[in-house]
Amino acid sequence: MGASVFVYNTVYLALAPGADRAQEVYEQCSAAAGRTGGNGAFLDSFLTCTAEYERTKAPWVLAGIALLLALAGLLYWADPKVHVRRHDLTAFAPEADAEQAALVGRLHELVTEAGLHRPPRFLLRLSRGEVTAHAFGRAGWYAVVLDAGFVTLFRADPARFRAVLLHELAHLRNRDTDIECLTRSLTWAFLPLGVLPLAVGLIGSPPQDALGVGLRAAVLLGLVFLTSQAVLRVREYGADARAASWVVREDLVAALEAAADDGRPWWKALRGNHPTTDQRIRMVHHPERLFRIGFWECCAAGVAAMSAGSGFLILWWLTAHEADPLNSRWAAALVVSPAIAAVIGLGAWRTPRSGRTVRDTVFPALGLAAGLVLGRPLAVDRGVGAVSPWPPSSEGMTAALWALSLAVMLVLFVRWAAQSSAAWGAPAAPRRTLWAVGWAAASLILSVVIASWMVLTDTADWLGTIGEGVRADHRAVAQVAPAGPYWLWSAVQHPLVLRFAEWTPLVLALVVVWALPLAARLQHPPRSATAGRSTAETAAGGRRTWPFVVVLTCLAATAAFLGGTLVSRLLIHSGISERTRTMDGFLLAFTHGNLVAAMFLQGLVAVSTVALLRPRHGRMAVLYGLVAAFLTGCLLTAVLFGGVLAAGCVDALALRPAACSGISVPLVRNTLLRILVGGTACSLLAITVGGVAWAVRRRGRPESPPRPVAEAATEGRLTARRVGLAALLLAGSVTVFACTTDKTDRSFGPPPGGLEEVRSACQHYDELLGSLDALTTPEVHTRLDEASQLAVRGGEPALALTFMEHFKAALEGDSAAFETHGERIHQTCGAAGVVLVNLP
C-alpha cells in the first residue's frame with residue numbers, strides 16, 4: 001500500500017494536468033502557514049491551505065489503488081484455473097481404474113486425518129515424473145497436485161507418501177494457499193500498474209529528481225519482493241510444524257531429505273519460495289523456533305509498517321484532510337499496529353517458557369525500532385508537501401534522541417506484553433476473547449508510541465523556535481512570582497507536552513498499561529490459597545497486601561495535598577497584595593506549582609507502594625504502584641478544583657475576586673489529563689530510579705523469592721476485587737469523560753480571533769484594492785501581507801492563499817484566474833458578513 005501511494009503520487013506530479021503548480025502552491029502555503037508560529041500550528045495551517053490542491057490529487061491516487069486492487073482480485077480469482085491449464089492437470093478417474101480408486105480412498109482418509117471439513121480437488125500431472133506434490137488454490141477452490149512419479153509411492157513407500165501428503169494438506173489447514181495466491185496476485189498486479197507507470201513518469205524528469213525517486217522506488221520494490229518471499233517461506237515452516245504433529249518425525253525428515261534439491265544455483269535458491277532442506281529439518285526438530293521473534297523479523301516489520309503507515313497517512317490527508325498532527329498520524333499508525341502487535345504478541349506470549357528474556361524481548365524491540373527509523377526516509381509523506389526533511393538539517397541530535405527514546409519505549413512495550421501474558425496464564429493457549437482483548441490493547445499502546453515518535457521527529461526542526469517562546473514565557477512569569485527552574489517549567493508548560501497531555505489516546509494507553517494485567521489479578525483465587533487460615537492471620541495479611549497499601553498511600557498523598565492547598569491559599573491571600581496575586585503571571589505560577597506538586601506526589605506514591613509491596617509481590621508491585629498513582633491523580637484533581645470552587649465562595653481562600661459559580665468542564669478535562677500523564681511519567685521515572693538503586697544495593701546478594709501473600713479476599717472491606725474493580729471503573733469513567741468532553745476551553749483566557757480576524761482581513765484587502773493608485777509597490781506588498789496574516793490568524797489560511805493568487809492573476813493579466821479567485825473571496829468574505837465594494 002505504501003509503495004502504491006508513493007508511485008501514484010509521483011506519477012500524478014509528473015503526468016497529471018495542473019501538477020506543475022505543486023511547487024508554487026507548497027511554497028505559498030508554507031510562507032502563509034509559517035506566520036502562525038512553530039508550535040504545531042504550522043502543519044495545521046499548511047494542510048488546510050493546500051487542501052484544495054491536494055484534493056485534486058486524491059481521485060488520481062485512489063483510482064490507481066482501486067485499479068491495482070481490481071487487477072489483483074481478478075488474478076486471485078483466475079489463478080487456480082490458469083494453474084490447471086498451464087500445467088495440463090487432470091482429475092483422477094476412480095470409477096475406471098481400481099488402483100486409482102484405492103489411491104483416492106487413501107487420499108480422503110488423509111483429508112479426514114488432517115481435520116479438513118471439505119476435501120480439496122486431487123489432480124494428476126502426467127507431464128512430470130518427479131516425486132513431488134503441491135497444494136494450491138484460493139477460497140472456494142482448493143486442489144492438491146500429484147506428479148506421476150509421486151503416485152508410485154502409494155505402494156512403494158507408504159510412509160513417505162503419507163508424510164508428503166499431510167504436509168500439503170497442512171498448507172490447506174493453515175490457509176497457506178490463500179495467502180500465497182493473494183501475495184502472488186498483488187505482486188504481479190504491481191508490475192504493470194506500479195513499476196511501469198513510475199518508469200513512464202520519470203521520463204523527462206531532472207536527473208537528480210529521477211535518481212532520488214528511483215532509489216526510493218527501488219527500495220520499496222525490493223521490500224515488496226522480499227516481504228512476499230518471506231511470507232511464502234514462513235508458511236513452509238508452519239506446514240512442516242503441523243505435519244510433524246500428525247506423522248512420525250523421522251518419516252517427515254526422510255521425506256524432506258529425499259526431496260532435497262541441492263543442485264540449484266544460489267540465485268535460484270534465493271528466489272525460491274522454499275527454505276533450504278537443512279533449515280526445514282532444523283525447524284522440524286525444534287518447532288518452538290517458529291514462534292520465536294528475532295531482530296531481523298521485527299526490523300523488516302518496522303520498515304514495512306512505516307512504509308504502509310505513511311501511505312495511509314497520505315490517503316487520510318488527501319481524502320479526509322485531517323490536519324491535526326497527532327490524530328492523523330495516530331489513525332495511520334492504528335492501521336498497521338495490529339499486524340505488528342500480532343507478531344510481537346505471539347512471541348511475547350511464549351516468552352515466559354523460553355526463559356531468555358533479553359533475547360526474546362530486547363532484541364525484537366530494538367529490531368522494530370531500527371525498522372521504523374530506517375523506514376522513515378522511505379515514508380511517502382516525506383515527499384509530499386515538503387513538511388520536513390530527513391534527517392533534519394540542523395537537528396540531527398534531536399532526531400537521534402527521539403530514535404533512542406523510541407527504542408526504550410519499544411523495549412518497555414515488549415516487556416509489558418510478556419509480563420501481561422504471564423499474568424493471564426502464558427504460555428498456555430489463550431481463549432479467543434482474551435487474545436482479542438490483549439491484541440487490541442497492545443495495538444492501542446503501540447499505535448500511540450509510533451504516532452508520538454512520528455510527531456516528535458517531524459517537529460524536530462521547530463523545537464528551537466518553540467523553546468524560545470517557552471523560555472520567554474518563563475522569564476515573564478518569573479518577574480511576577482517564583483516560577484522554578486526552566487527545565488521544570490518546560491517539562492510542564494511546553495506546547496508539545498500540553499498537546500500530548502491533552503491527547504485522549506495517550507491517556508487511554510497509559511490506563512491500559514496497568515488495567516490489562518490488573519484484570520488478570522482480579523480472577524477468583526483457588527480456595528486452597530485461603531483454606532486453613534484463621535481470621536486473625538487473614539486480617540493481618542490484609543494489612544500488608546496491595547489493596548490496603550494502595551488505599552493508604554492514596555489517602556495520605558491526598559491529605560497532604562489538601563493541607564498544602566489550603567495553607568498556601570491562606571498565606572497568599574493574607575501576605576501578598578491583591579494587585580500582585582491577581583496578575584495573570586502570578587496565577588499561572590500558582591497553577592504551575594500545583595501541577596508540579598500533584599505530579600511529584602503521584603511519583604512518590606508509586607515508588608512508596610512498590611517499596612512496600614515488592615518483598616511480598618515481586619514485579620507485580622510495579623503494577624500496584626501505577627494503580628496507586630492513577631487513583632492519587634484523580635483525587636488530587638478533585639482537591640485542586642475543590643479549592644478553586646471554595647475560593648469563589650470563601651474570600652480568605654481567593655487569589656482573585658470571583659463569583660461563587662461553576663468551573664469550565666473542558667478545563668477540568670485538560671487539567672485531569674495533564675495531571676495523570678505527568679504523574680504517570682513521574683511514577684515511571686521514580687520506579688526506574690528506585691529499581692536501579694535497589695539493584696545496586698542488592699548486588700552480590702541472592703534474591704529471595706516473594707513471600708506468600710495472604711490476599712484477605714474474604715475478610716474486611718479492602719479486598720483485592722473491590723479495590724481493583726473500583727480502579728477499573730474509575731479508569732473507564734475517566735476515559736469516557738475524556739472522549740466525550742470538548743477539550744477546547746472557550747471560557748478561559750483571551751477570546752479567539754476567528755470571525756473577527758477574517759472580517760478584518762477582508763476589509764484590509766478591500767481597502768488595498770481601493771487605494772492601489774496611491775500606494776507604492778512596497779506599500780502594496782505590506783498591505784497584502786497584513787491581510788494574509790489576519791486571514792491565517794482567523795483560521796482561514798486558504799483565504800490568505802486566495803488573496804495572493806488573486807493579486808498575482810491581476811498582475812499577469814489572467815482574467816479567468818482573476819474572476820475565479822475573486823468569486824472565492826466574495827463567497828468567503830460574504831459568509832463572514834463583509835461586503836467588498838472595491839472587488840469587481
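Me: A polar contact is a pair of N or O atoms within 3.5 Å, one able to donate a hydrogen and the other to accept it, where residues adjacent in sequence count only if both atoms are side-chain atoms. What makes the pair of L676 and T680 a polar contact?

Reply: Residues are numbered from 1 along each chain as its sequence is written, and side-chain values use heavy atoms, without hydrogens or water. The backbone oxygen of L676 lies 2.7 Å from a polar atom of the T680 side chain, so the pair falls within the limit of 3.5 Å. T680 belongs to helix α29, residues 665-697 (helices are DSSP runs of H or I with at least four residues, strands runs of E with at least two, numbered from the N terminus). Leaving aside neighbours within four places in sequence, T680 is in contact (heavy atoms within 4.5 Å) with L510 and Q602.

Me: Why are D79 and R184 said to meet in a salt bridge?

Reply: A salt bridge requires a side-chain nitrogen of Lys or Arg within 4 Å of a carboxyl oxygen of Asp or Glu, and the N to O distance for D79 and R184 is 2.9 Å, so the pair qualifies. The pair links distant parts of the chain, with D79 in helix α4 and R184 in helix α9, 105 residues apart. D79, E180 and R184 are linked in a network of salt bridges, and the model has eight salt bridges by this rule.

Me: Why is D79 called buried, and why is R184 called partly exposed?

Reply: Buried means under 20% relative accessible area, exposed over 50%, and partly exposed in between, with a 1.4 Å probe and protein chains only. D79 has 16% and is therefore buried, whereas R184 has 28% and therefore counts as partly exposed.

Me: How do you know that the salt bridge of R125 and D147 joins two buried residues?

Reply: The side chains of R125 and D147 meet at 2.7 Å, N to O. This pair also links distant parts of the chain, R125 in strand β2 (residues 121-125) and D147 in strand β4, 22 residues apart. R125 has a relative accessibility of 4% and so counts as buried, and D147 is likewise buried because its value is 0%.

Me: Why is D88 called exposed?

Reply: D88 has 56% relative accessibility, which means that it counts as exposed. D88 is found in the loop between α4 (51-86) and β1 (90-91), and has a positive phi of about 55 degrees although it is not a glycine.

Me: Where is confidence lowest in the protein chain?

Reply: The lowest mean, 43, is in helix α24 (residues 535-542), and the highest, 92, is in strand β4 (residues 141-147). Over residues 526-543 pLDDT stays under 50, and the model has 12 contacts beyond four places in sequence for them. Where pLDDT is low, the predicted coordinates should not be read in detail. The protein chain averages 78, and 79% of the residues score at least 70.

Note on methods. This is a predicted model: local features need pLDDT of at least 70, side-chain atom pairs count only at pLDDT 80 or more; totals for chains, interfaces and linings use all residues. pLDDT is the predictor's confidence in each residue, from 0 to 100.
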